[in-house]
Amino acid sequence: GDAVARVWDMRSKNQVHCLTGHDNTVGAILTKSTDPQITTGSYDSTIKLWDLVAGKCMTTLTHHKKAVRALVQPTFENTFLSGAADNLKKW
């Protein structure tokens, strides 16, 4: 992979943002319908929260020691779970 997450406008088919900052493949993406942000999990063992309006990283979470391969958000909670070979984390 190229260690980026790309944001596209589905109507125009144009790229809106190329979110850079991970050091390895982006293996998981979580979107929120209520907020203009996404969360990415990478094989570099980090999780990044992105502001989609600015196209910039808001914060980086570094609590995993292995590749982050899954992100999921419970339906009615303001939290998310991340999964890697070392463990599951609730944020």
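Biologist: What makes Cys18 partly exposed?

Modeller: Buried means under 20% relative accessible area, exposed means over 50%, and partly exposed is in between (1.4 Å probe, protein chains only). Cys18 has 31%, so it counts as partly exposed. Cys57, with 33%, is therefore partly exposed too.

Biologist: Why is Ala85 called exposed?

Modeller: Because its relative accessibility is 71%, and the cut-off for exposed is over 50%. Ala85 sits in the loop between strand 8 (81-84) and strand 9; strands are DSSP runs of E, at least two residues, numbered from the N terminus.

Biologist: Which residues is Ala85 in contact with, leaving aside neighbours within four places in sequence?

Modeller: Lys66 and Ala67, where contact means heavy atoms within 4.5 Å.

Biologist: How do you know how confident the predictor is in the protein chain?

Modeller: From pLDDT, its confidence in each residue, from 0 to 100. The chain averages 92, and 99% of the residues score at least 70. Confidence is lowest in strand 9 (residues 88-90), at a mean of 88. This is a predicted model, with local features needing pLDDT of at least 70 and side-chain atom pairs 80 or more, while totals for chains, interfaces and linings use all residues. Residues are numbered from 1 along each chain as its sequence is written, and side-chain values use heavy atoms, leaving out hydrogens and water.

Technical notes. Helix = DSSP H or I, 4+ residues; strand = E, 2+ residues; numbered from the N terminus.
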